[in-house]
Amino acid sequence: MGGELTGGAVAAGFLLLVGCVLWQRRAQRHFAAQRAAIFDDCRELIQSAEQIHPGSDYPLLRGRYGDANVLLQPLLDHVGYRKVPSLWLVLTLDAPTPIGGSFDVLFRPANIEFFSQIDQLPQRIYLDEAWPSHHMARVSPTGWQAPLETIHEALGDALDSADLKEIVVTPRGVRLVVRVCGVERGQYMVLRAMVPEVERIPPDWLRYWLNTLVSISSALRADLAKAA
């Protein structure tokens, strides 16, 4: 009798384990399909678009926006403890500009910005009251005078956006890090599931930030042309 009960319990446990594995695989396929579609509503904005799939993570989108090469990289924030993690988008515009150094400003720093390399720049600088108050700014090389007024004017009302997290300007181009959305609070608090509130990036939202990238790059080029 005891042996039969033990055997039945083992069989039931095995079936439960198989069911959990199958459920997990279906869930992984579902999440992978959701992530793969994140740029589906924005394809018309990017010419010669190429989507790169790095396994189970979000895909990267590479192509041209206007006359410049762009790279779009979604990043799900799972580093450090926070009540509601965020989905970030790193927008990089590859348009070499012969400026004399690199400038990085990080807004609302919390020391868990895994996507930022601001600490690699050697000199911290202090921006005036025209910039949002809670920030960290650095330049490289030490002593380089970044074109702060030009960058500030080119950003326009983007500086007032709570989505804007980081601005990086280098001789190779311009990069912005912006917040797409948070994750679904209920699923995260109960199951620790990282399910973003937005499945697909809205095209008008993306166009705004791409135009901001272009505006900064164009302003820097115009500034250098005047100085030449």
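The model is a predicted one, and it contains 4 helices and 9 strands. Along the sequence these elements follow the pattern α-β-β-β-β-β-β-β-α-β-β-α-α. Of the 228 residues in the protein, 40% are buried.

**Overall organisation**
- Among contacts between residues at least 6 apart in sequence, 59% join residues that are at least 24 apart.
- The protein exposes about 12800 Å², of which carbon and sulfur atoms supply 54%.

**Nonpolar cores**
- The largest nonpolar core holds 49 residues, and the members that touch the most others are L89, L91, F103, W131, I167 and L206.
- Helix α4, spanning residues 203–227, gives the largest share of this core, with 7 residues.
- Leaving aside neighbours within four places in sequence, L91 is in contact with L71, L72, V174, R175, L176, V178, L206, W209, L210 and L213.
- Another core, of 8 residues, lies apart from the largest one and includes L75, V90, M136 and V177.

**Helix α2**
- In helix α2, which covers residues 148–155, the residues T150, I151, A154 and L155 are buried.
- Viewed down the axis of α2, the buried residues fall within an arc of 130°, so they line one face of the helix.
- An α-helix has 3.6 residues a turn, so residues three or four places apart point the same way.
- On the other side of α2, E149 and E153 are exposed.
- The cover over the buried residues of α2 includes strand β5 (102–107), strand β8 (164–170) and helix α4.

**Aromatic pairs**
- The protein has 4 aromatic pairs, counting rings whose centres lie within 6.5 Å.
- F114 and F115 form an edge-to-face pair, with 5.4 Å from centre to centre and 70° between the planes.
- F114 is partly exposed, with a relative accessible area of 33%, whereas F115, at 12% relative accessibility, counts as buried because the cut-off for that class is under 20%.
- Y208 and W209 form another edge-to-face pair, with 5.0 Å from centre to centre and 85° between the planes.
- Y208 is partly exposed at a relative accessible area of 31%, whereas W209 is buried at 1%.
- W88, F114 and F115 form one aromatic cluster.

How values were computed: Residues numbered from 1 in each chain as written. Predicted model: local features only at pLDDT ≥ 70, side-chain atom pairs only at ≥ 80, totals over all residues. Heavy atoms only, no water. Core = buried A, V, L, I, M, F, W, Y, C linked by side-chain atoms within 4.5 Å. Buried < 20%, exposed > 50% of the residue type's maximum accessible area, 1.4 Å probe, protein only. Helix = DSSP H or I, 4+ residues; strand = E, 2+ residues; numbered from the N terminus. Contact = heavy atoms within 4.5 Å. Arc of directions from axis to C-beta. Areas by Shrake-Rupley, 256 points an atom, 1.4 Å probe, with all protein chains shown as cover. Phe/Tyr/Trp six-rings, centres within 6.5 Å; stacked < 30°, edge-to-face > 60°.
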